[in-house]
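Biologist: Please take me through how to read this model. I would like the rule for each feature, then the case here.

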Amino acid sequence: QFLYFIGVRHEMTVPAPPEPMMLAVFDGYLALSDDLLSSVTKLGGRPAFLPGRETGAAAEVLSKAVCGRCKGPMFLVAQCYCPLRDNKNRMMYVFACNKACCTVFPDDAWRAFTVQCDFEDPALDDEEAADLNRLPQPDGALKKTMFPPVATAIEEEPEGEEIEQTELEKRMQAQAEAQEAVDESAAATASDSDGEGKPQGPRKDKGDATRAELEELEEKVDLKNKQLDEYYEEFRSRVARLPQQVLRYQINGEPIFMNPERTIAAKIPPCRKCGGPQCMEMQIMPTAIFYLRAAACAPEGGSDGMDFATVTVYHCAKSCEADLPGVVVSEQTVFVEAPPTAADEKAARGGKMSFRETVTGEASPTVPPGAAGGPAAPPKKGK
C-alpha cells in the first residue's frame, strides 16, 4: 500500500506516463488586474476559483490553508490547470507558510488541494459561460499575504541540455588556457636549472607532508571536498534543459531530486478515497523561490522566507476522483525535499570532516527530526 523511494525511481505498478513531461517556464509577472483569471497556471498571487459554482470550495480551501505552527494564513505558491477529463475543470492549489522558522517543518507548513467541477452546468446561461474565464473573484483571505503573481508558459521538456558559451566565457577560458601554458613552461625551466642535469632524490622541506602522512590524513578528512557532486550534477543537467522552469507536470511521472538518498525513507500514503497507490502529478522547482521573491515577501519575524530543494505533489495513480460528479475538493499529498545542508555533505563524505572543518574546528549544524535538513519524516497524508 505504500510507495517507497528507491534512489530516483519508484517501486510500484502503475501505467507508464501517456504524456511527455510538461514544464511551466517563467514568463514575466502578471498585472494584478489579471491575477484572478481562472484556469491559469501561475505562481504566487491569489487563488482563482470558478465564480458561482466553486464558492463553497473556495471557502473550504482557504479555511484549510493555514500554517499548523504559527496559525497564520499561507501564501499561494502555485496554481495549476490540470483537468483529468475533457468535460471537467480541475485546478491544483499549493500553499505554504513563508516563514523560515515554520517551513523547516513541512508537514505543518505545506498544503495542496485540487478542485474539480463539471464544465456543463444548466444553471449557467450562454453569457455567463462565455465570460467564465474572465469573471473576477471576490478578494480572498490571502490578499495581505501573497507573492507577486508570476505568469508561466507551458512547454514540453527538451530531450537534452543545450548550453552555449557566452563571449565572456570563451575569453575567460582562452585566458585560463594561456596562463596554464605559461605556468607549465616556467615550471619546466625551473626544474631544469635546479637539477643541473643530475638526478635528484626525494626532498622534504620543513613543513612538507610525506605520502604516508597524506594517506593517513585522507582517512579522516575529505581533502577533495567532493560533497554531493554526482547527484547534484544529474539534477542540474535536467534543470538546464530549460533553466527557467518552475513547475514540472506529468501524471505517473518520475520526480527529480537534488539528493535521492534523502528520499529513501519517505513513505507516500495510499489514496484516501480508494486506498490505491499514489504517484507524482506535479513538482515545484527551487527556481520558484527566486521568482516569487520569497525573502522579500517574508512576514515580520519570518527571517528569509521559505526554502526547499523540491516540492512534489502526489495524486491517486488511478485518478479515482476523475469521474466523480459535481464539485470535488481533494487534499493531495505533499513531499518536501529539504535543501542541502552541511550535515548532508558530511554524510556524503562517509563521515569524514571537510578540510574547512578541520582547519576551523566548526561542527556541522544539527536540526530536529522532521525539519528541513533533519531526519526524513513521512509526508503528510491528504485529508
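**Strands and surroundings**

Modeller: Thr312 stands opposite Phe335 in strand 14. This is a predicted model, where local features need pLDDT of at least 70, side-chain atom pairs count only at pLDDT 80 or more, and totals for chains, interfaces and linings use all residues. Residues are numbered from 1 along each chain as its sequence is written, and side-chain values use heavy atoms, with hydrogens and water left out.

Biologist: How many helices and strands are there in the protein?

Modeller: Both are DSSP runs, numbered from the N terminus: helices are H or I with at least four residues, strands E with at least two. The protein has 11 helices and 15 strands.

Biologist: Which strands pair with strand 13?

Modeller: Two strands pair if DSSP finds at least two bridges between them. Strand 12 (residues 278-284) pairs with strand 13 in the antiparallel sense over 6 bridges, and Met282 has Val313 as its bridge partner. Strand 14 (residues 328-337) also runs antiparallel to strand 13, joined by 5 bridges.

Biologist: Is strand 13 buried or exposed?

Modeller: Buried means under 20% relative accessible area, exposed over 50%, and partly exposed in between (1.4 Å probe, protein chains only). In strand 13 (residues 310-316), 7 of 7 residues are buried. Across the protein, buried residues make up 42% of the 383 residues.

Biologist: Why does Val40 count as partly exposed?

Modeller: Because its relative accessibility is 25%. Val40 lies in the loop between strand 3 (22-29) and strand 4 (42-43).

Biologist: What is Val40 in contact with, leaving aside neighbours within four places in sequence?

Modeller: Contact means heavy atoms within 4.5 Å. On that basis, Val40 touches Gln79 and Met91.
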